[in-house]
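Here are my notes on the model you sent over, as numbered points. Have the structure open while you read.

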Amino acid sequence: MATLFQGLPSSTAFSSSNKFNHAPAPTSFSGTWNNERKSSIVTVRSDARWSPVLNSATHKPQRLITNAVATKADSSLASTSSKPGHELLLFEALREGLEEEMERDPCVCVMGEDVGHYGGSYKVTKGLATKFGDLRVLDTPIAENSFTGMGIGAAMTGLRPIIEGMNMGFLLLAFNQISNNCGMLHYTSGGQFKIPVVIRGPGGVGRQLGAEHSQRLESYFQSIPGIQMVACSTPYNAKGLMKAAIRSENPVILFEHVLLYNLKDRIPDEEYVLSLEEAEMVRPGEHVTILTYSRMRYHVMQAAKTLVNKGYDPEVIDIRSLKPFDLHTIGKSVKKTHRVLIVEECMRTGGIGASLTAAITENFNDDLDAPIVCLSSQDVPTPYAGTLEEWTVVQPAQIVTAVEQLCQ
Amino acid sequence: MALSRSGSNLLKPISPFFSCAPSILSRSISSSNDSITVETSIPFTAHNCEPPSRSVTTSAAELRSFFRDMALMRRMEIAADSLYKAKLIRGFCHLYDGQEAVAVGMEAAITRKDCIITAYRDHCTFLSRGGNLVEVFAELMGRRAGMSNGKGGSMHFYRKEGGFYGGHGIVGAQVPLGCGLAFAQKYSKDENVTFAMYGDGAANQGQLFEALNIAALWDLPAILVCENNHYGMGTAEWRAAKSPAYYKRGDYVPGLKVDGMDAFAVKQACKFAKEHALKNGPIILEMDTYRYHGHSMSDPGSTYRTRDEISGVRQERDPIERIRKLLLSHEISTETELKDIEKEVRKEVDNAISKAKESDMPDPSELFTNVYVKGFGVEAYGADRKELRATLP
């Protein structure tokens, strides 16, 4: 898997905007930069090898990093660009990625409920219908099973539809189409048909939305062979993953989170595409590896603040790729810290954490000093009452306690 | 009571055919390109549209090709029956014999750029879209020479170059896919249509109506074809559907009821439907047809219908017999010529089976190919996932 990074010709040290700033509330992060600012186009492979595509005479080799991760400001890495990029909210980053891909490839179209004239229930597709027309941004009736099937059928002929579920939970109605047709048609047709669809939508526990609108479908879809699953968590990776998912020939399910849509951050002006199979190093550390994704990343970072004050040095990795897991990055981290904590929002039974625990235990058992701890949401339908809902998901205090226990 | 009710309906279409027979003997044919006019067995019944004419123009060459194609399909299905009983074909095997006229008539009306998608009774449709016998038998026997490399099986026949999109096991799921194909055709503005086929059992699926609504709303060139063989596995249509007038179920979408045992009626209806769909959006065709075998090879087919009914339909409405009578009455071929064609077809099928038997089973590494279009470099194999294999660039 190759990923292209493009940077600006500048090799100065980090500016302060690259420093990792915490804010008390999860919604006002700044400076979650990734540091792949290089002066040339480099092909980075997911097996951590890289090869320069153009001559990058200005860069010293040790400044080039081999995966799409953010690292601490004081490690000698490539610098920030002279242009600071632009600020936007996560849903706008998704829209930017979508718009750029629709401009680039006329086969890309969007279908979903209220994506066209209404602009999208979370405004991800706002303005696209007026720009691209009704044939490329399609308002569907409330018929998930059939419009997902239609998207898959259209993909069989070469179109690249993006199917939006207004809430991920509604895609349960399309489970047959996603599992049997989307996941399996490439295999059962002996490779004749490709299904380059992107199925995306917001999921996760919101603010008192009730049980049926707070579902976490990543645990249900993870067994389906033939699909890829990614979860975005910041405006930067939202845009990059959206573009990567659209360009991918495999069917990709992109999990967004209802509560993260209004996250504001700075993203580069230049075009960038992230790798679908790579995890993101949010905060390097030494004592414990905390694996997380989507909204729980912010709970973890909040807990990390407390942990740092208490003297711990957690390494936080946003796994991003839910299927397949980036065991390379995770393994490297486990070999360094020897302790793993998984913080996830889905339920324990059959969840992503359960699979991840199994994968790490199978592959890195010798590197573990302690059993893996997995913090997940409670195996209950999400209640409406605010206090109960808070207790359903993992809170930063619980993460701090878990790390303390793990590091004893 | 129950069985006789359906039995009488199934035999009905025949009598008008015989009453029209004298008018077909227009002339004796010498050249195969002269056009012949044939009347369909019964007039079309229409819903919300003007039915097409009963007179279909054809030629001697087309008549001969219809006969040969249908004989080939019939022979192929019977051979598959024997192979299944010999345990060379496993799992599910749904045979199409009796319904050949639908596949052959449809193909005569359209081009390879039009798309066809159907359910699991797909062997003959695959053949009509340009597939070959060796691929069919190899796939049925799970060999590498099959069109899906042996990994699909009876229910997963596909042929991309022929515009044949399968081959689907889940009842009704292919109809939204078919409307998606029609959407893609509208998107690329290429003036082609999609025939999304389903059975009388699938006609009660909700996703069908969902897809039809969207197709009508967006004006898609989708033609929904209900192959009504009157039985949804073991349940007769009157026990499954409150209203078995499947061609009327579109409500605002026009529909046409066609005698599915008459290849010319099918051809005329599909031609009409294609013109309609390109101008006015979706249309439903109901093909009144019949399957001689049971639902699949594990179903004897006689517990929910009488053998008299089956043999009655075979005597009165068999699609191949109809063409044979036309060929003989127009003096295009003689009895012996037709028997020779059938012998030739039988030999062709036998040769294909032996050739297919020579093909290997897929290699174990094939288990992991084509799961993704682009794989991930390092994969963990083995039941314990400890066997790692990395593809080096």
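1. C270(B) is buried, because its relative accessible area is 0%, under the 20% cut-off. This model is predicted, and in it C270(B) takes part in no disulfide. The nearest cysteine sulfur to that of C270(B) belongs to C226(B), 13 Å away. A search of the whole structure finds zero disulfides over all chains. If you wonder what is being ruled out, a disulfide is a covalent bond between the sulfur atoms of two cysteines.

2. Next, how far can you trust chain A? Its average pLDDT is 84, and 80% of the residues score at least 70. Please treat two stretches with care, though. Residues 1-46 of chain A stay under 50 in pLDDT, and the model gives them 154 contacts beyond four places in sequence. Residues 50-81 of chain A are likewise below 50, with 89 contacts beyond near neighbours in sequence.

3. As for the overall make-up of chain A, you will find twelve helices and 17 strands. Of its 408 residues, 61% count as buried. Among the contacts in chain A with a separation of 6 or more, 81% are between residues 24 or more positions apart.

4. Which residues have the most contacts inside the largest nonpolar core? They are F221(A), I360(A) and F183(B), in a core of 80 residues. Helix α7 of chain B, residues 174-187, supplies the largest share of this core, with eight residues. A second, separate core has 75 residues, including A80(B), C93(B), A101(B) and A269(B).

5. F221(A) deserves a click of its own. Setting aside neighbours within four places in sequence, its contacts are L171(A), F175(A), I178(A), I227(A), M229(A), I253(A) and F255(A).

6. Then look at I224(A), in the loop between α6 (218-221) and β9 (228-231) of chain A. I224(A) is buried, with a relative accessible area of 5%. Beyond four places in sequence, I224(A) touches F175(A), I178(A), S179(A), G183(A) and K323(A).

7. K323(A) brings us to a backbone feature: the peptide bond from K323(A) to P324(A) is cis, with omega near 0°. P324(A) sits in the loop between β15 (321-323) and α9 (327-337) of chain A. A cis bond also joins G166(B) to G167(B), with omega near 20°, and G167(B) is in the loop between α6 and α7 of chain B. For context, most peptide bonds are trans, and most residues other than glycine have a negative phi.

8. M233(B), in the loop between β7 (231-232) and β8 (235-236), has a positive phi near 55°. D251(B), in the loop between α9 (237-240) and β9 (255-259), has a positive phi near 60°.

9. The structure holds 13 aromatic pairs over all chains. How are the rings of F193(A) and Y158(B) arranged? Their centres are 5.8 Å apart and their planes meet at 75°, so this pair is edge-to-face. The pair crosses between chains, from the loop between α5 (185-188) and β8 (198-203) of chain A to the loop between α6 (133-140) and α7 of chain B. F193(A) is buried at 0% relative accessibility, and Y158(B) is buried at 1%.

10. F126(B) and F157(B) make another edge-to-face pair, 5.4 Å centre to centre with 75° between the planes. F126(B) is in helix α5 (residues 123-128) of chain B, while F157(B) lies 31 residues apart from it in the loop between α6 and α7. F126(B) is buried at 0% relative accessibility, and F157(B) is buried with a relative accessible area of 0%.

11. Finally, two charges over rings. The charged end of K151(B) sits over the ring of Y187(A), 4.2 Å from its centre. The charged end of R305(B) sits over the ring of Y231(B), 5.6 Å from its centre. Y231(B) also belongs to an aromatic cluster with Y290(B), Y292(B) and Y304(B).

Technical notes
Residues are numbered from 1 along each chain as its sequence is written. Chains are lettered from A and ligands numbered from 1 in the order in which they are written. This is a predicted model: local features need pLDDT of at least 70, side-chain atom pairs count only at pLDDT 80 or more; totals for chains, interfaces and linings use all residues. Side-chain values use heavy atoms; hydrogens and water are left out. A nonpolar core is a set of buried Ala, Val, Leu, Ile, Met, Phe, Trp, Tyr and Cys residues joined through side-chain atoms within 4.5 Å. Buried means under 20% relative accessible area, exposed over 50%, partly exposed in between (1.4 Å probe, protein chains only). Helices (H or I, at least four residues) and strands (E, at least two) are DSSP runs, numbered from the N terminus. Contact means heavy atoms within 4.5 Å. pLDDT is the predictor's confidence in each residue, from 0 to 100. Rings of Phe, Tyr and Trp (its six-membered ring) pair if their centres lie within 6.5 Å; planes under 30 degrees apart count as stacked, over 60 as edge-to-face and the rest as tilted. A charge sits over a ring if NZ of Lys or CZ of Arg is within 6 Å of the ring centre and within 35 degrees of the ring normal. A disulfide is a pair of cysteine sulfur atoms within 2.5 Å.
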